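These are my notebook entries on a single protein chain. I set down what I looked up, one topic at a time.

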Amino acid sequence: MDKRKIAEKISTITNPPIITIPLFLIICIVLSFENGAFNFNKFIVLELISLVFASVLPMAIILFWAKKLNTDKDISNREDRFMPLVIGIVSYFIGVLVSFILNADNFLTLLLLCYAVNTGVVLLITIKWKISVHTTGISGPIAALILLLGPFGAVFGVIYPIVIWSRVLLKKHTLSQAICGGVQGFFLTVIEMYLYMYLFNMPTSMISLEMSILYILAIIATPVILGILSYIDIKNKRTVFILSEIILFSLFLMMMPLDVFAIFVIITSVSLLITYYAGNEFIWYQTLS
């Protein structure tokens with residue numbers, strides 16, 4: 001199987017309404033444990049809410065709109081994305097209301113609210129710039145898993161550099177659009193979750209905001225450095241990258257908790273592996289060669 005076909009499969013699997021199915025499944029399972037016991041009835045309610053309003057309805061909207069406009073399932077034309085995004089926002093808000101009315105779970109209610117607001121931010125950005133919905137879509141649930149599971153949730157960050165490669169290789173996005181989509185999604189989600197919890201007095205169990213941000217920095221550090229070096233015009237980019245990574249490695253090792261350092265090492269390793277696997281077709285490889 002050639003690299004393009006692999007990238008297409010990755011792009012399909014990580015389409016936001018699709019990738020939310022397994023990631024939200026994990027979230028719903030975690031939320032369904034109460035006092036060490038698994039509440040199956042609660043799980044069914046949470047799973048149905050998330051499946052319908054974060055996956056099925058958004059996917060139906062995308063497929064309907066793509067067919068109506070006779071375009072690809074990614075709706076690659078920036079101007080054609082407005083209506084699906086607007087309807088997606090409505091779907092997420094309905095999910096918020098249903099979750100709130102059923103008193104399903106504060107965490108899920110606030111997360112769906114984050115989805116609605118973050119999609120609104122994407123909509124505003126899309127007026128001028130085609131930010132990646134794919135990387136925004138994976139970063140939201142990964143950020144939620146970080147808030148719930150700490151380092152075990154942050155491990156899912158390995159998806160981030162892989163999706164960046166797939167979207168850039170397929171020419172669906174520029175490198176900056178793919179990187180920025182994830183950075184936006186990660187930070188907005190964790191900050192909003194704490195903000196909404198405070199504003200609406202809806203307490204929920206999460207790791208600290210400080211720790212969640214440290215995990216996010218560990219995930220985005222190397223992809224962002226590779227992205228910056230890919231755009232700036234300087235000599236010896238490979239040397240600059242190596243020096244930057246040595247500095248980051250030292251900072252994470254000396255100043256961060258060990259599990260944050262481990263996440264940085266894992267994401268950096270995956271970023272480099274995907275870079276050298278991609279070869280000359282990927283700008284990161286050209287930057288390091």
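Predicted model: local features only at pLDDT ≥ 70, side-chain atom pairs only at ≥ 80, totals over all residues.

**Entry 1**

Two elements, α2 (16-31) and α3 (40-69), each give two or more residues to the patch. I noted that α3 gives the most, with three residues. I then checked L25, which is placed in helix α2.

**Entry 1: salt bridges**

I recorded three salt bridges in the structure. In one of them E8 pairs with R4, and their closest N and O atoms are 3.7 Å apart. The two residues are four apart in helix α1, so about one helical turn separates E8 from R4. In general, an α-helix has 3.6 residues a turn, so residues three or four places apart point the same way. E8 is partly exposed at 36% relative accessibility, and R4 is partly exposed at 42%.

I next looked up K42. Its side chain meets that of E34 in a salt bridge of 3.1 Å, N to O. K42 also forms a salt bridge with D105, with the closest N and O atoms 2.9 Å apart. K42 lies in helix α3 and D105 in the loop between α4 (82-101) and α5, so this pair ties together parts that are 63 residues apart in sequence. Through shared partners, E34, K42 and D105 are joined into one network. Both K42 and D105 are buried, whereas E34 is partly exposed at 34% relative accessibility.

**Entry 2: the nonpolar core**

Which residues touch the most other members of the largest nonpolar core? I found F107, I164 and I219, in a core of 82 residues. Helix α5 (residues 106-126) supplies the largest share of this core, eleven residues. Leaving aside neighbours within four places in sequence, the contacts of F107 include I27, L31, A144 and M193.

**Entry 3: helix α12**

G279 follows α12 and has a positive phi, near 75°.

Terms used. Residues numbered from 1 in each chain as written. Heavy atoms only, no water. Core = buried A, V, L, I, M, F, W, Y, C linked by side-chain atoms within 4.5 Å. Buried < 20%, exposed > 50% of the residue type's maximum accessible area, 1.4 Å probe, protein only. Contact = heavy atoms within 4.5 Å. Salt bridge = Lys/Arg side-chain N within 4 Å of Asp/Glu carboxyl O.
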